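Trainee: I've got a model open and I'd like to learn how to read it. Can we go through it together?

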Amino acid sequence: MKILFVCLGNICRSPLAEGVMKKMCADRNLDWEIDSAGLIGYHKGELPDPRMMTTAERHGYKLTHRSRPIVSEDFTKFDLIIGMSAYINDRILRDTPHSMADRRKVRNIAEYFVNTKDYDEVPDPYCGTMRDFELAVRLIEDACVGILDAVTHQ
Ligand code: 4NP
């Protein structure tokens with residue numbers, strides 16, 4: 001299984017999702033390929049935002065990803081392309097060349113929430129407070145459990 005997580009800048013939410021999913025896979029001896037990308041290349045080459053790194057580390061995740069924009073080849077390589085919100089997914093489908101088969105690979109992370117009923121996306125924490133970074137960890141951990149369950153029982 002190959003999964004790509006996508007957000008806007010690829011320095012907060014999607015590198016966190018990559019780190020959480022990689023750790024959950026390692027804990028279960030699953031040899032999945034996990035990566036992340038952004039809609040914009042503005043932060044290309046950068047490590048995640050220091051607030052995201054600190055919050056992730058507090059929860060046991062070491063983030064080492066370098067920001068990169070999504071490219072059309074990602075549709076060939078990955079089985080699932082999971083966006084952090086409906087807005088992100090609309091933009092992925094609008095801006096990136098894709099076939100109908102490619103379209104079906106693009107999923108909203110909220111589809112995989114297990115215990116989360118009060119959100120239908122992972123809100124962008126970039127202009128928020130540390131509370132918003134904590135919320136991203138809670139929502140993404142919940143979704144990753146749902147992704148493992150959905151993929152291993154499909
Ligand atoms: P992310 O957060 O999409 O979760 O990585 C953002 C990071 C940077 C920007 C916006 C959102 N930005 O506008 O630079």
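Trainee: What covers the buried residues of H1?

Mentor: Keep in mind that this is a predicted model. The cover over the buried residues of H1 includes strands E1 (2-7) and E2 (33-38), along with helices H2 (50-58), H4 (86-95) and H6 (130-152). H1 is mostly covered, with 11 of its 15 residues buried. Among them are Leu16, Val20, Met21 and Met24.

Trainee: How many Å should the 15 residues of helix H1 span?

Mentor: Take 1.5 Å a residue, counted for one less than the number of residues. For H1, residues 13-27, that gives 21 Å, and the end C-alpha atoms are 21 Å apart, so the two agree. Just after H1, look at Asn29, where phi is positive, about 55 degrees.

Trainee: Is Arg91 buried or exposed?

Mentor: Buried means under 20% relative accessible area. Arg91 comes in at 17%, so Arg91 counts as buried. Arg91 sits in helix H4, and its side chain makes a polar contact of 2.7 Å with that of Tyr87. Leaving out residues up to four places away in sequence, Arg91 touches Leu8, Leu39 and Ile40.

Trainee: Which residues have the most contacts inside the largest nonpolar core?

Mentor: Those are Phe5, Met21, Ile109 and Ile140, in a core of 35 residues. E1, H1, H2, strand E3 (80-83) and H6 each give two or more residues to this core, and H6 has the largest share, 11 residues. A second, separate core has 12 residues, including Leu39 and Phe75.

Terms used. Residues are numbered from 1 along each chain as its sequence is written. This is a predicted model: local features need pLDDT of at least 70, side-chain atom pairs count only at pLDDT 80 or more; totals for chains, interfaces and linings use all residues. Side-chain values use heavy atoms; hydrogens and water are left out. Helices (H or I, at least four residues) and strands (E, at least two) are DSSP runs, numbered from the N terminus. Buried means under 20% relative accessible area, exposed over 50%, partly exposed in between (1.4 Å probe, protein chains only). Contact means heavy atoms within 4.5 Å. A polar contact is a pair of N or O atoms within 3.5 Å; within protein, one must be able to donate a hydrogen and the other to accept it, and residues adjacent in sequence count only if both atoms are side-chain atoms. A nonpolar core is a set of buried Ala, Val, Leu, Ile, Met, Phe, Trp, Tyr and Cys residues joined through side-chain atoms within 4.5 Å.
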